[in-house]
Amino acid sequence: MNIAILAPLWKKIPPEKYGGTELVVANLAKGLHELGHSVTTFACGGSEVSGVLVPIIARPMYELVGGFDWNGIQQYEFLSFFELARRAKDFDVVHNHMGFHPNALAPLLPIPMVTTLHSSAPPDFPSLAEAFREAAFVSISNAQRNLAKMLHYVATVYHGIDTKLFKSRTEGDGNGFVFLGTLSRNKGVDIAVKTARSLGARLTIAGEMRKEDKSFLDTEVFPYVDGKTIIFSGEVGHEEKNRLLQDADALLFPSRWNEAFGLVIVEALASGTPVVALNNGAVPEILRDGVTGFIAGDEDTFITAASNVAKLSRIEARKEAEERFDLSLMAKKYIDVYSKLIEARRI
């Protein structure tokens, strides 16, 4: 099968540091390539993907625009559509990861297009979501479908990671808790700090800071960062992230909003590290309560759950990652999606 992947242009594929969607795209290209399929990824320059890369722009759009900006469709993205249209006859299917707007191109293509939505928020452009409601969409969790119920979902496919790249620790004392993610109120980094302080435990915080969260962080987080018990490591790359997860007693995932997936959860499981999470979004679909982690109903029970992580099996956590969230499984499920769309187009 010849597969075209439209990747977001904001960051490199895979990202050097933060970038969940970009990492998923890299993993998918690798998984499809390892299954013997031909994969062409349309992405920004500097990306390194399995298969063929079509570099759309020389640098990530994040650098060109000066940060993320969701207020409009960026001009650079039309270059992706242009380059895809020039090569459309070379492919059997297009897999879009750029959002709703590439579906405007779909009726002009001689091949089917499927869109995977990665957002944990309702559509940025409701008019586009309504216009393209009959297009083929894949959700990354069943919970995500509640954000745009009107869409035509052809499958739910959970994100996959390369579990072979994660070293797991199955025994021995860890290095306390870890929080990995955007440092925002939605992600609940302040709950992680409160939990560590309540239990007298060590907490390492790593992730991206955004200017809109500065006031919140200056009030609720950074006053407690002392470099000894509460440690802030900033934004980290893959190797450092993997080390933090492997060394941790548990990942704290106190997300207040309805997270559509939570890739860091399965990365923690692949490291043999259990997860303590609030019961929001896709958490109940990913974690097995009392087996691979604890799912808490509120902030108070979250703290209690965190105090009991030693009761959980790190071996079970690693096993769960391998059996449910390896990139090979994700790739096989997408091949099934592609095959059905191609067959439907022939009828």
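In this predicted model, Val275 touches Leu251, Phe253, Ile265, Ala268, Leu269, Leu287, Thr292, Gly293 and Phe294, leaving aside residues up to four places away in sequence. Val275 is also among the residues that touch the most other members of the largest nonpolar core, a group of 60 residues.

**Nonpolar cores**
- Besides Val275, the residues of the largest core with the most contacts to other members are Ile5, Leu32, Leu180, Leu251, Phe261 and Tyr338.
- Helix H12 (residues 327-346) supplies the largest share of this core, with 9 residues.
- In soluble globular proteins, nonpolar side chains tend to be buried together.

**Helix H5**
- In helix H5 (residues 189-199), the buried residues are Val189, Asp190, Ile191, Ala192, Val193, Thr195 and Ala196.
- Gly200 follows H5 and has a positive phi, near 65°.

**Salt bridges**
- The model contains 22 salt bridges.
- Asp247 and Arg243 form a salt bridge, with their closest N and O atoms 3.1 Å apart; both residues lie in helix H7 (residues 238-247), 4 residues apart, or about one turn of the helix.
- Arg288 and Glu320 are joined by a salt bridge of 3.3 Å, N to O.
- This pair connects distant parts of the chain, 32 residues apart: Arg288 is in the loop between helix H9 (283-286) and strand E13 (293-296), and Glu320 is in helix H11 (residues 314-324).
- Arg288 is partly exposed, at 36% relative accessibility, whereas Glu320 is buried, at 5%.
- Through shared partners, salt bridges join Arg288, Glu316, Glu320 and Arg324 into one network.

Methods
Residues are numbered from 1 along each chain as its sequence is written. This is a predicted model: local features need pLDDT of at least 70, side-chain atom pairs count only at pLDDT 80 or more; totals for chains, interfaces and linings use all residues. Side-chain values use heavy atoms; hydrogens and water are left out. Buried means under 20% relative accessible area, exposed over 50%, partly exposed in between (1.4 Å probe, protein chains only). Helices (H or I, at least four residues) and strands (E, at least two) are DSSP runs, numbered from the N terminus. A nonpolar core is a set of buried Ala, Val, Leu, Ile, Met, Phe, Trp, Tyr and Cys residues joined through side-chain atoms within 4.5 Å. Contact means heavy atoms within 4.5 Å. A salt bridge is a side-chain nitrogen of Lys or Arg within 4 Å of a carboxyl oxygen of Asp or Glu.
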